Amino acid sequence: MAAFRANEGAISTVEDDNGLKSDDVLNVVRDDLDAIGFDVEEGKKEEEKIHRPVLFGENGEPDLQYEVDGYHEGKRYGLEVEASRAVLGNALYRDLIQAAVMVQVDTLVLVVPNVYRYNNGGRTTESRAYEKSRDVIDTVYASGRVELPFETLLIGY
């Protein structure tokens, strides 16, 4: 997606740990996402978040909603930007399941670091978050045991 490619120099994890959290990455690409029609989470206050309905109750009001980092109504894209938790904290699995039950999400755009570096007992350890995420997603689709009702666009930064 062009919004991430246009900001690659500021967010890339390929050469070095940029120290950015997922909210930081979202802030860097926010204007470019806005320009192509995404509603983007603006902060952690309830009114700044983007919600997608899951279950409905009386009068068609949502009984259950999940938060997403962004949503494109016209294309029905749900956007999740992850950092360290993508693989290490299993956020990838949560994102896949939550997107599967959200209303009007036809494509999950999942954005993860190419490499996540962290201190592990005094030494730097690398996690190949993009490769691991790709392997999980490919396995889910290839196995045929779980049928996801959306396409997945995986972006590494």
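**Note on salt bridges, sheet pairing and surface charge**

1. At 35% relative accessibility, E67 counts as partly exposed. The class limits are as follows: buried means under 20% relative accessible area, exposed over 50%, and partly exposed in between, with a 1.4 Å probe and protein chains only. The areas themselves come from the Shrake-Rupley method with a 1.4 Å probe, and for residues only the protein chains shown count as cover.

2. On the basis of the values: this is a predicted model, in which local features need pLDDT of at least 70 and side-chain atom pairs count only at pLDDT 80 or more, while totals for chains, interfaces and linings use all residues. Residues are numbered from 1 along each chain as its sequence is written, and side-chain values use heavy atoms, with hydrogens and water left out.

3. E67 has a charged partner: its side chain meets that of K49 in a salt bridge at 3.3 Å, N to O. The pair links distant parts of the chain, with E67 in strand β3 and K49 in the loop between β1 and β2, 18 residues apart. A salt bridge here is a side-chain nitrogen of Lys or Arg within 4 Å of a carboxyl oxygen of Asp or Glu. Helices (H or I, at least four residues) and strands (E, at least two) are DSSP runs, numbered from the N terminus. K49 counts as buried, at 19% relative accessibility. A search of the whole structure finds ten salt bridges.

4. D23 and K44 also meet through their side chains in a salt bridge, again described by an N to O distance of 3.3 Å. This pair too links distant parts of the chain: D23 is in helix α3, K44 is in the loop between β1 and β2, and they are 21 residues apart. D23 is partly exposed, with a relative accessible area of 28%, whereas K44 is exposed at 52%. The two residues and E41 are linked in a network of salt bridges.

5. D106 forms a salt bridge with R76, and the closest N and O atoms are 2.9 Å apart. D106 lies in the loop between α4 and β6 and R76 in the loop between β4 (70-72) and β5 (77-81), so the pair ties together parts that are 30 residues apart in sequence. D106 is partly exposed, with a relative accessible area of 35%; R76 counts as partly exposed at 30% relative accessibility.

6. The negative patch on the surface gathers D31, D32, D34, D39, E42 and E73. Patches are made of residues with over 30% relative accessible area and no salt bridge; like charges are joined within 9 Å, and nonpolar side chains (Val, Leu, Ile, Met, Phe, Trp, Tyr) within 5 Å. Lys and Arg count as positive and Asp and Glu as negative, while His and the chain ends are not counted. A charge is placed at NZ of Lys, CZ of Arg, CG of Asp or CD of Glu. Helix α3 (residues 22-35) gives the most to this patch, with three residues. D31 is found in helix α3 and is exposed, with a relative accessible area of 60%.

7. The open sheet has five strands in the order β1-β4-β5-β6-β9, with mixed pairing. Its edge strands are β1 (39-40) and β9 (151-156), each of which pairs on one side only. Two strands pair if DSSP finds at least two bridges between them. Strand β6 (residues 107-112) pairs with β9 in the parallel sense over six bridges, and V112 stands opposite G156 in β9.

8. Strands β2 and β3 run antiparallel and are joined by six bridges; F56 stands opposite P62 in β3. Their hairpin has five residues between the strands, and there N59 takes a positive phi near 55°. N59 is not a glycine and is exposed, with a relative accessible area of 76%.

9. Most residues other than glycine have a negative phi, and most peptide bonds are trans. Q104 lies in the loop between α4 (91-101) and β6 and is partly exposed, with a relative accessible area of 40%.

10. D16 is placed in the loop between α2 (8-11) and α3. D16 is exposed, with a relative accessible area of 53%. D16 and V29 are 13 residues apart in sequence and 19 Å apart in space, C-alpha to C-alpha.
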